Amino acid sequence: MIVRRLLALASWAADVRVLAGAAGVDRPLTTVRATLDPGDVPGAGELLVLARQLRGTDWRIDALLRRGADNGAAGLLLPEFEPLAATRSLADRLAMPLLVTTARPLDLLVEARVALAAPELDRASLLVAAHRAVGERLRQPAEVVTALRDLLRSPVALLDDRGELLAGELPSAGLVRVGEPVPQRTDLDDGVLLAHPALLPGPARPALWLVTELRGHEATRADAVPPALALAAGAVQRWLLANRLELERDARSRAALLGDLLRVDDEPGADLRRRVADAGWRLGGWHVGLRIGVPSTVDTVARTQEVLRALRAEQIDAAVVEHGDGWTGWATFDQEPTAERVRELATRLRAAHKALRRTLGAHLGVGRPHPRAAGLAATIAEAADAARLAATRPESGHFLHVDQLGMAQLLLEWTRTDTFEPAARALVAPLHEAPGDLVRTLAAYLDAESSITETAAVLGVHRNTVAARISRVEQLLGVDLSHPDDRLALHLASRAVTLGS
Amino acid sequence: MRITEADVPALERGVALLGSGGGGDTRTAAVLLRRLTGGSEVVDVSALDPAAVVVPIGIVGATSALTEKLPGGAEFGTAVSAIERWTGQRADALVSIEVGGLNGLMPLVVAADLGLPCVDADLSGRGLPRLDQLSIAATGRGLAPAALAEPSGQVLVLAAGTDSSIERGARAFLATAGGWAAMAFGPVPAGELPGCAVVGSVGAALELGRRVLAAGEGPEPGALAAASGGRVLARGRVLEVSRHVGPGSHGSPGFGRGSATVADHRDGALLRLEMENEYLLALRDGSPAASTPDVIAVVDHRTGVPVLCEAIRSGIEVDVLQLAAAPFWTDPRRLPVLQPRAYGIDSDPVLVS
């Protein structure tokens with residue numbers, strides 16, 4: 001509030017005159033106080049009403065003006081009097097509004113007090129109404145948005161942590177600074193945008209934002225709305241927490257069930273079968289396992305829905321369980337699937353994976369089809385192996401399907417791991433220092449089943465050159481290439497090194 | 001110390017400044033003092049026999065009436081004789097009741113007339129409006145007995161009474177007796193003067209006058225402050241003067257009250273002076289900046305002549321000075337007698353140091 005707003009009140013406008021100090025009418029005003037003591041000290045933001053007739057010549061008016069100016073008071077109101085020119089000049093000089101009235105000062109004071117309390121009352125009644133609308137029971141966030149929209153008579157929206165619209169509608173939703181999880185107020189051209197985050201415990205990242213936009217006449221309520229918005233955001237947060245609790249409980253029981261299932265060697269017992277049926281899983285038929293791995297920082301429980309959405313979008317009907325750093329799942333076929341159907345499944349999984357990778361650093365491994373409960377464990381184990389490899393294979397889009405590889409390739413892929421590759425490099429290191437393309441020659445020679453002629457053809461050099469290089473390799477490495485163990489080790493090493501470079 | 005004709009301008013300037021806007025116009029007294037061919041003798045308190053009888057004298061009432069109703073010349077002698085007759089003591093010396101204003105000069109004239117020395121002391125140290133504020137009242141010695149002699153020949157002896165009743169009695173007499181009268185109080189032994197008077201004030205006024213005159217006409221505020229030993233509160237033009245009847249006591253109207261506001265040329269600040277018979281309080285932009293018992297003197301900027309409260313008017317260019325009160329008055333036992341509240345001004349004293 002400022003003095004100017006007070007002067008606009010009906011009775012003030014009618015009965016109060018600004019005698020001097022008009023430059024100060026924009027002084028901030030927090031309260032209006034009455035006194036009978038001309039020696040009173042007006043406090044900061046106070047408009048002091050001296051409810052007592054003073055002579056215009058009284059020096060104490062000057063002193064009051066000065067004390068008011070020193071303390072940041074809003075002004076001084078006295079019963080009508082004719083001041084000295086010096087007093088007027090002083091009020092002007094200090095920009096301290098000097099007001100006089102012919103009305104009863106205390107009546108004016110009461111009206112001013114009521115007006116000053118109005119925003120607080122508005123805020124309080126809005127808060128009570130908001131509590132009535134959303135506070136009682138647990139509600140879906142969309143319901144909260146609707147209730148708040150009706151209450152504020154302004155558009156309200158629910159945004160996710162990336163600012164994407166989840167419910168409601170809001171033209172200026174893009175202006176919310178989702179990176180700053182604090183209540184926000186942004187001035188618009190003809191209004192104001194208010195946003196309040198609904199936070200989950202743990203990482204200080206808002207899960208959802210409740211946002212409203214007050215335009216035109218409603219913008220004047222910008223100070224009254226934030227507490228109501230905060231209350232509604234609290235209701236959304238309550239829903240999030242309840243929902244999260246349910247998800248967490250659910251995820252835990254499914255993870256435990258999966259663990260039990262993977263541990264049994266033969267057919268599961270009746271009790272376990274009942275629990276599996278309760279979870280809506282099928283043990284009969286053929287299963288294709290899948291494993292989605294994510295970095296350990298990802299909150300898997302919270303994002304299960306996202307994974308399910310991505311799979312459903314590709315019409316993949318799979319059970320998915322939060323399991324370690326990621327999800328384990330499987331698709332079930334009634335009969336042994338044909339190679340065609342498996343390939344089709346793999347294609348859809350690849351598409352779903354691609355969609356997931358837009359928001360998640362996920363790698364996906366897919367197992368081969370295996371029948372029944374025991375087969376479930378087998379295909380999930382394959383999928384887990386494939387996923388581990390996929391994590392290190394950006395060239396395949398972090399996607400690996402065991403069926404496409406064959407077990408041998410899987411083994412070869414393994415040579416590309418961080419543990420093997422340095423060892424392989426160390427093994428063939430002496431060849432790098434010698435002249436001649438010895439590593440490639442060795443690789444080609446072993447690929448050609450030790451045929452000098454074929455090696456020479458592959459490399460496009462004379463067969464004597466190949467023979468000379470091979471004997472130099474044996475010399476440098478101190479190995480005998482007719483020995484099977486040496487051959488196997490060198491074959492893997494040379495493949496790892498040539499693929500790696 | 002002999003005050004000769006050559007000393008008169010400096011002494012006049014000094015006592016006028018100490019009048020703090022009151023104390024009456026010094027011109028008539030200065031003319032009389034200048035006409036004394038042999039000058040006037042001023043003696044130190046210490047040079048007198050401690051048993052010497054010192055009679056305080058001065059003019060009371062509307063001193064401006066003095067210029068309309070001139071003294072006959074015998075009033076002081078009559079008042080002193082009345083006291084001598086009442087107390088049975090012969091006066092050995094005289095002392096001024098008030099160094100500020102014309103009473104700073106008049107006793108010197110009278111002393112020369114009566115062939116008595118004048119003591120270098122007074123009972124005010126500045127200009128004061130009321131008898132019950134004199135130092136002999138402030139220290140509890142009391143004003144009674146007191147004798148008043150007015151120009152048309154009436155003589156009144158107030159033999160006994162409280163200080164305030166003496167003040168009231170004298171005022172009532174003055175109202176019927178032409179506005180002013182010569183007044184003498186019961187004698188004080190010279191040895192007791194240091195305890196109940198402001199000692200050395202005549203010499204100090206002479207020194208002050210000499211220094212200020214030496215600073216020349218229209219001095220810079222800094223030079224004026226240095227010469228007067230005080231503080232320049234404002235250097236500017238009088239914007240507004242307002243006069244009204246003050247808050248009287250016991251149903252009778254009080255002294256005239258007024259305010260004068262000076263716009264400081266240096267920074268535009270508004271210096272408001274609250275006055276009665278003297279300048280009592282100075283507010284700089286509404287904030288108390290100086291008050292009685294310090295002396296607040298307004299001087300004409302060009303001539304340096306002090307401007308009396310009754311003579312200040314809007315439009316004149318002035319300097320406003322604050323001079324430290326005599327230590328006699330800043331003593332906590334006596335401060336209440338001269339602080340602003342003693343004049344009905346609800347402000348704490350604001351002193352120069």
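Reader: Which residue is the bridge partner of Val49(A) in E4(A)?

Author: In this predicted model, Val49(A) has Leu77(A) as its bridge partner in E4(A).

Reader: And how do E3 and E4 of chain A run, parallel or antiparallel?

Author: Strand E3 (residues 46-50) of chain A and strand E4 (residues 75-79) of chain A run parallel, and 3 bridges join them. Helix H5 (residues 105-135) of chain A packs on the sheet, where it touches E1, E2, E3, E4 and E5 of chain A, and its direction makes about 155° with that of E2(A).

Reader: What is the strand order in that sheet?

Author: The order is E1-E5-E4-E3-E2 (chain A), an open sheet of 5 strands in which the pairing is mixed. At its edges stand strand E1 (16-20) and strand E2 (31-35) of chain A, and since each has a single partner strand, one side of each is left without a neighbour in the sheet. From one strand to the next, the twist averages 25°.

Reader: Which strands does helix H4 of chain A lie across?

Author: Helix H4 (residues 85-94) of chain A lies across E1 and strand E5 (98-101) of chain A, and it runs at about 90° to E1(A).

Reader: Switching to the other end of the chain, why is E11(A) described as largely enclosed?

Author: Strand E11 (residues 286-293) of chain A has 7 of its 8 residues buried, so it is largely enclosed by the rest of the structure.

Reader: Okay, and what is the order of the strands in the sheet with E11?

Author: That open sheet also has its order written out strand by strand, E12-E13-E11-E14-E15 (chain A), with 5 strands and mixed pairing. Its edge strands are strand E12 (318-322) and strand E15 (399-401) of chain A, each of which pairs on one side only. On average, neighbouring strands of this sheet are turned by 15° against each other, direction ignored.

Reader: How many bridges does E11(A) make with E13 of chain A?

Author: There are 8 bridges between E11(A) and strand E13 (residues 326-333) of chain A, and the pairing is antiparallel. Within E13(A), Gly326(A) is the bridge partner of Gly293(A), while Trp327(A) is that of Ile292(A).

Reader: And which residue in E14(A) stands opposite His287(A)?

Author: His287(A) stands opposite His370(A) in E14(A). E11(A) and strand E14 (residues 363-371) of chain A run antiparallel and are joined by 7 bridges.

Reader: Which strands does helix H10 lie across?

Author: Helix H10 (residues 339-356) of chain A lies across E11, E13, E14 and E15 of chain A, at about 165° to E15(A). Helix H11 (residues 372-391) of chain A lies across E11, E13, E14 and E15 of chain A, running at about 155° to E14(A).

Conventions
Residues numbered from 1 in each chain as written. Chains lettered and ligands numbered in written order. Predicted model: local features only at pLDDT ≥ 70, side-chain atom pairs only at ≥ 80, totals over all residues. Heavy atoms only, no water. Buried < 20%, exposed > 50% of the residue type's maximum accessible area, 1.4 Å probe, protein only. Helix = DSSP H or I, 4+ residues; strand = E, 2+ residues; numbered from the N terminus. Pairing = 2+ DSSP bridges. Axes fitted to C-alpha atoms, helices over the stretch in contact; angles between N-to-C directions. Contact = heavy atoms within 4.5 Å.
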